[in-house]
Amino acid sequence: MLSVLRVHLPSDIPIVGCELTPYVLLRRPDKTVTTDDVPESASLDGHFLRYKWYRIQSDRKVAVCSVHPSEQATLQCLGCVKAKIPVAKSYHCSPKCFSDAWQHHRVLHDRAASAVNENGNEEEEIFGRYNSSGSGVINASLTGSASSTNLTNGSTPLYPAAVTQRSGGETWFEVGRSKTYTPTADDIGHVLKFECVIVDAETKQPVGHPNTILTSRVIPAPSPSPRRLIPVSGADMLGNLQSDGRVSSSGSFTVLSYNILSDSYASSELYSYCPSWALSWPYRRQNLLREIVGYRADIVCLQEVQNDHFEEFFAPELDKHGYQALYKRKTNEVYSGNIHTIDGCATFFRRDRFSHVKKYEVEFNKAAQSLTEVAVQTTQKKAALNRLVKDNVALIVVLEAKFSNQGADNPGKRQLLCVANTHVNVPQELKDVKIWQVHTLLKGLEKIAASADIPMLVCGDFNSVPGSAPHTLLAMGKVDPMHADLLVDPLAILRPHSKLTHQLPLVNSLIFRNCFQILLMF
């Protein structure tokens with residue numbers, strides 16, 4: 001018979017607006033183990049799974065810390081109360097929390113003192129909304145009528161809310177009947193319970209005891225910190241930005257390059273300073289999409305995009321905003337995990353600004369095999385491949401602009417643009433491999449540039465700081481033979497050093513966090 005072996009959540013702390021999808025491990029009647037769902041429409045051996053979500057509400061009030069939303073508040077700033085600052089901003093979890101946040105917190109007081117509340121809503125406009133009520137205090141003594149009388153969540157149709165139990169000062173409200181549930185503002189400060197039970201398909205009655213799991217208290221989604229954009233010399237060449245973020249010049253366009261951090265790399269071991277809920281993919285994907293869409297770039301180059309996230313999230317979501325998508329997954333000679341979660345490079349462009357002409361794919365593993373065949377001694381081939389093969393790729397796309405900046409002398413000339421997107425993810429000690437991959441990419445781009453008079457755009461995460469050999473090669477077209485990075489070359493793949501050049505007149509190198517680059521050739 002069908003049985004549930006294990007139920008757990010990917011994150012202990014639920015966040016408003018972030019979908020919760022429990023991990024349910026099942027044993028089928030044939031003794032095989034699976035995580036596939038078994039709905040009523042596809043019952044297995046006469047049984048299916050039924051899910052329910054409950055909000056557990058207590059009669060006591062709960063306040064959430066404005067700085068650490070996963071912590072319960074223990075003190076309140078009376079200055080905020082007097083200044084009529086939204087109450088959610090006034091709570092802190094400890095005196096140290098309040099002291100550490102004071103420099104930022106006092107700005108709220110200063111702004112409130114100088115604000116003129118003309119229509120009664122200015123405070124909300126200045127400080128932002130916390131939730132639908134603007135309150136950080138949850139009064140749990142709600143009745144069924146205090147919440148929405150009809151609920152929908154996951155893929156479940158609307159149905160009436162139901163109070164299922166009340167005892168010991170607690171009330172359990174049924175809030176969902178699907179496997180997934182997205183917490184709302186009404187859930188803030190409350191514990192959620194997930195229930196999974198096997199049901200007889202004929203009698204519709206539960207079989208055995210339900211499997212349940214409790215969450216921590218639901219927290220509000222923190223407001224993202226605003227980006228501090230750094231002006232770059234020559235950026236005014238791109239034209240004037242309109243109020244909606246678009247470029248006004250007809251012959252100009254905007255580009256965004258972003259390493260979004262693959263979920264498979266976002267582990268607590270690597271990012272121990274970050275709470276687990278902030279690393280969870282349901283939380284991060286919302287923020288990523290909001291930021292990417294907010295820039296309204298004409299071309300978007302993303303790195304570390306998981307294969308499944310591209311197909312199930314980024315491609316369909318950005319399609320809604322007018323983007324066409326192209327993708328190149330990394331090779332998997334080194335990668336040993338799930339093929340569906342391997343990452344790669346994704347390039348998006350606005351369909352109203354560009355059309356797709358051609359796509360090239362660069363696999364550095366193949367280039368490594370070709371190199372070792374002709375430039376490495378037979379006895380060193382295995383060691384050379386172990387050093388060079390890193391599964392990295394590059395995606396090169398030729399686009400045609402649907403706008404024009406040509407004069408009357410070239411009225412019918414096609415406006416083509418070549419966009420390269422790559423992620424040079426190589427351990428820092430393998431400096432020779434990093435330089436070799438960048439040089440290999442540039443040589444491939446040279447061939448494309450030689451075949452047509454076409455501008456070149458090179459985007460990516462090169463994991464290189466300004467002044468390093470890869471950066472120098474990209475920006476300057478050559479590398480000083482005495483550069484310190486060239487001393488690491490056990491396979492002699494960088495010799496003679498005079499070959500480390502390219503003829504692409506790349507300009508306007510933009511460096512973000514010493515890792516990311518956008519270079520343009522016109």
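Author: A residue is called buried if its relative accessible area is under 20%, exposed if over 50%, and partly exposed in between, with a 1.4 Å probe and protein chains only. Trp53, at 0% relative accessibility, therefore counts as buried. This is a predicted model, in which local features need pLDDT of at least 70 and side-chain atom pairs count only at pLDDT 80 or more, while totals for chains, interfaces and linings use all residues. Residues are numbered from 1 along each chain as its sequence is written, and side-chain values use heavy atoms, with hydrogens and water left out.

The structure holds 15 aromatic pairs; rings of Phe, Tyr and Trp (its six-membered ring) pair if their centres lie within 6.5 Å, and planes under 30 degrees apart count as stacked, over 60 as edge-to-face and the rest as tilted. One of these pairs, Trp53 with Tyr181, is stacked, with 5.6 Å centre to centre and 25° between the planes. The pair links distant parts of the chain, since Trp53 belongs to strand β4 (residues 47-58) and Tyr181 to the loop between β12 and β13, 128 residues apart. Helices (H or I, at least four residues) and strands (E, at least two) are DSSP runs, numbered from the N terminus. Tyr181 has a relative accessible area of 2% and is therefore buried.

A second pair, Trp281 with Phe313, is edge-to-face, with 6.3 Å centre to centre and 80° between the planes. Here too distant parts of the chain are linked, with Trp281 in helix α5 and Phe313 in helix α6 (residues 307-319), 32 residues apart. Trp281 is buried because its relative accessible area is 9%, and Phe313, at 10% relative accessibility, likewise counts as buried.

A polar atom of the Ser178 side chain lies 2.7 Å from the backbone oxygen of Thr180.

Helix α5, the helix of Trp281, spans residues 281-295 and lies across β15 and β16 (299-306), running at about 160° to β15. Axes are lines fitted to C-alpha atoms, for helices over the stretch in contact (heavy atoms within 4.5 Å), and angles run from 0 to 180 degrees between N-to-C directions. Both strands belong to an open sheet of four strands, in the order β15-β16-β18-β17 and with mixed pairing; two strands pair if DSSP finds at least two bridges between them. The edge strands, each pairing on one side only, are β15 (255-259) and β17 (323-329). Neighbouring strands of this sheet are turned by 20° against each other on average, direction ignored. Strand β17 pairs with β18 (residues 343-350) in the antiparallel sense over seven bridges, and the bridge partner of Leu326 in β18 is Thr347.

Among contacts between residues at least 6 apart in sequence, 68% join residues at least 24 apart.

Conventions:
A polar contact is a pair of N or O atoms within 3.5 Å; within protein, one must be able to donate a hydrogen and the other to accept it, and residues adjacent in sequence count only if both atoms are side-chain atoms.
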